[in-house]
Amino acid sequence: MAFEDLLEDPVVQKYLHELVGPKGMPVAAAPPDGEVTDEELAEELDLELNDVRRALFILYENDLASYRRLRDEDSGWLTYLWTFEYENIPENLEEEMYRLYDALEQREEYERNHEFYLCEICSIRFEFGEAMDFGFECPECGSPLESMDNDRLIGSMHDRLESLEDELNIDADA
């Protein structure tokens, strides 16, 4: 898939934005063909050099950019030539989905295996043991803590897990 096709995908755009933030997004959204220096990118995109470098480093950490160093024979200065490697984006997104699946699975189990109490005034939630320690009174406002029904939350988590299982071709019964 070409860079242009990938960058038109809203999921990829959001992923890149989450990685590099708003200041780094111009760098991530405008990958040049071939090698480029950070200085060239900063000038071309009219950005601060530090913002460009930060974005490039984040892309590098996520296997979406690589560099090679050249040393100037006369001055000894190092020049970094950057190459964008967006062909790794689909694999990175799949790894993110697996991490989300694992975290959501753990959270669903936690929600199923614990009893919660809620202060309806402060909207603070407590596990049973905490609520008991506080005498079933909110430590902030003194209101009584009410037993909380988290079945809808668990149901939503279950639905999202099933959706992820379908997307990732996970056999939940295996």
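Glu108 and Arg112 lie 4 residues apart in helix 5, so about one helical turn separates them. In this predicted model, the two residues form a salt bridge whose closest N and O atoms are 2.8 Å apart. Glu108 counts as buried, with a relative accessibility of 9%, because the cut-off for burial is under 20%.

A further pair occurs in helix 5, which spans residues 89–112: Glu96 and Arg99 are 3 residues apart there, again a separation of about one helical turn. Their side chains meet in a salt bridge with an N to O distance of 2.5 Å. Glu96 is partly exposed, at 36% relative accessible area, and Arg99 is also partly exposed, at 46%.

The side chains of Glu35 and Arg68 form a salt bridge at 2.5 Å, N to O. This pair links distant parts of the chain, its members being 33 residues apart. Glu35 belongs to the loop between helix 2 (10–29) and strand 1 (36–37), whereas Arg68 is in strand 2 (residues 65–71).

## Network and overall count

Salt bridges also join Asp38, Glu39 and Arg53 into a network. The count for the model comes to 10 salt bridges. Side chains of opposite charge can pair when their charged atoms come close.

Technical notes
Residues numbered from 1 in each chain as written. Predicted model: local features only at pLDDT ≥ 70, side-chain atom pairs only at ≥ 80, totals over all residues. Heavy atoms only, no water. Salt bridge = Lys/Arg side-chain N within 4 Å of Asp/Glu carboxyl O. Helix = DSSP H or I, 4+ residues; strand = E, 2+ residues; numbered from the N terminus. Buried < 20%, exposed > 50% of the residue type's maximum accessible area, 1.4 Å probe, protein only.
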